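Please examine the sequence and the three-dimensional structure shown below.

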Number of protein chains: 2
Amino acid sequence: MRISELSRLSEVPTATIKYYLREGLLPAGQRTAATQAQYDDGHLQRLRLIRALIGPGGLSIAEIRGVLAAVDDPPESPLELLGQASEALGPQGSTVDDSAAEPAADGPGAARAREILAAIGWQVVEGSKAFTQLAEALEAVDQASITLIDGGVQRYATVLAELAAAELDTVPMESPQTAVRQAVLGTILIEPLLIALRRLALQDAAARRFGNDDTPLP
Amino acid sequence: MRISELSRLSEVPTATIKYYLREGLLPAGQRTAATQAQYDDGHLQRLRLIRALIGPGGLSIAEIRGVLAAVDDPPESPLELLGQASEALGPQGSTVDDSAAEPAADGPGAARAREILAAIGWQVVEGSKAFTQLAEALEAVDQASITLIDGGVQRYATVLAELAAAELDTVPMESPQTAVRQAVLGTILIEPLLIALRRLALQDAAARRFGNDDTPLP
């Protein structure tokens, strides 16, 4: 198909498609004339994937390039594969102001993260981005003096460990390509789903507790 | 204390503190001379809060202004209060490229979101940002052809409903100020904690399943 047809089917403007082509996110089409190229279903799939990663995934162009590289050329071991899924990403919202992140390696957040991980007995890579993110998140919760739920961080950890085991069951192991695709994209695209559901769950819990009468606070 | 002392205690550069003062995120100090002002513990607390929101929270200056306005001048009803907490925020990562978000109100994601919410019986505001985020997240999962865990979206929803009820228990209802503070900050700062824990849970699950021998994929 021509680029105009690709644009129509994907609902992505031609100028944006050309930008993705220039950035190397989308492979070049089959050239048919000096100024014309043909695109196929693979281009359409890839385009939909890029839009999913940019939109709800909230990834930068650089992060998408890293993710697509992992999808196109997956690592050999399953463990490395899963690691790559989370390392391809910065912390949530990191694009805003990376400099604001404290160097967490030896801060109080890192000590607290180590303590919690030891208590729950998780095997994780201490130098990984996710570890730094945990340390920073714990420090922020602490600095803002938020009260945690009964059971604290460990309660969240228990729930997420159960979900992680179930998510791992969805990773097809027949081929590295399909495995890395599910692992990387699952990591990225389930996150916005979780966040949206959590905010709606809070709305529902509040509506149930306080009803619609809008009784003023004491 | 002087601004230099405030900078030392908060580990925030003086230039950054002055920027927050100019942006109105931080209230002005008590002027003691033409070029000097005194700051107190309230300024230090507010500064730590701003840093938590910018760093792990990943909020933009505009979003922080909205959040701080809610904290400073909370709404009267508990329900409105909780709503404000999630409405103060854009979608996760929205700062990257808002234009990439499809108009979801009548897309397939919105229909799917309505269907799921009806099945689980949540009372949520359909026009809310969180609803749009759910619709977009569902569309992204669908477009990327990710396999969901056994039980699908409803399994995530069940888990998050339990956590939401527990989180609501932590909101102190003695005063609107303390309530909105916990509700708003809890919504924002627990999210990065959940995301970090989920990525680490996936690392741990993978390490358990595949061990450290790094057997290549078939």
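The structure is a predicted model, and every value quoted here was computed from it. Chain A contains nine helices and two strands. Followed along the sequence, the elements of chain A are arranged as α-α-β-β-α-α-α-α-α-α-α. Of the 218 residues in chain A, 53% are buried. Contacts in chain A can also be sorted by sequence separation: among those between residues at least 6 apart, 59% join residues at least 24 apart.

Helix α1 (residues 3-10) and helix α2 (residues 14-23) of chain B have axes that come within 9 Å and cross at roughly 105 degrees. An angle from 65 to 115 degrees counts as roughly perpendicular, and α1(B) and α2(B) are therefore roughly perpendicular to each other. On the side of α1(B), the contact is made by B:I3, B:L6, B:S7 and B:S10, while α2(B) contributes B:T14, B:I17, B:K18 and B:L21. Sorted by class, this contact of α1(B) with α2(B) comprises four nonpolar, three polar and one charged residues.

Further along chain B lies helix α7, which covers residues 129-143. Eleven of its 15 residues are buried, so α7(B) is largely enclosed by the rest of the structure. The buried residues include B:A130, B:F131, B:L134, B:L138 and B:V141, and also B:Q133, B:E136 and B:E139. Just after α7(B), B:S145 adopts a positive phi of about 50 degrees.

Most residues other than glycine have a negative phi. A:E11, however, is not a glycine and has a positive phi of about 60 degrees. A:E11 is found in the loop between α1 (3-10) and α2 (14-22) of chain A. Is A:E11 buried or exposed? With a relative accessible area of 60%, A:E11 is exposed, because the cut-off for that class is over 50%. A:S145, likewise a residue other than glycine, has a positive phi near 50 degrees. The loop that holds A:S145 runs between α7 (129-143) and α8 (152-169) of chain A. A:S145 also counts as exposed, at 51% relative accessibility.

How many salt bridges does the structure hold over all chains? There are 14. One of the salt bridges brings together the side chains of A:R8 and A:E5, with an N to O distance of 3.2 Å. Both residues belong to helix α1 of chain A, where A:R8 and A:E5 are three residues apart, about one turn of the helix. A:R8 is exposed, with a relative accessible area of 55%, whereas A:E5 is partly exposed at 29%.

Other salt bridges link the two chains. The side chains of B:R199 and A:E191 meet in a salt bridge of 2.7 Å, N to O. B:R199 lies in helix α9 (residues 176-210) of chain B and A:E191 in helix α9 (residues 176-210) of chain A, so this pair joins two chains.

A:R198 is buried, with a relative accessible area of 3%, and B:E191 counts as buried at 2% relative accessibility. Finally, salt bridges that share partners connect A:E167, A:E191, B:R198 and B:R199 into one network.

Methods. Residues numbered from 1 in each chain as written. Chains lettered and ligands numbered in written order. Predicted model: local features only at pLDDT ≥ 70, side-chain atom pairs only at ≥ 80, totals over all residues. Heavy atoms only, no water. Helix = DSSP H or I, 4+ residues; strand = E, 2+ residues; numbered from the N terminus. Expected span 1.5 Å × (residues − 1). Buried < 20%, exposed > 50% of the residue type's maximum accessible area, 1.4 Å probe, protein only. Axes fitted to C-alpha atoms, helices over the stretch in contact; angles between N-to-C directions. Parallel < 35°, antiparallel > 145°, perpendicular 65-115°, else oblique. Contact = heavy atoms within 4.5 Å. Nonpolar A, V, L, I, M, F, W, Y, C, P; charged D, E, K, R; others polar. Salt bridge = Lys/Arg side-chain N within 4 Å of Asp/Glu carboxyl O.
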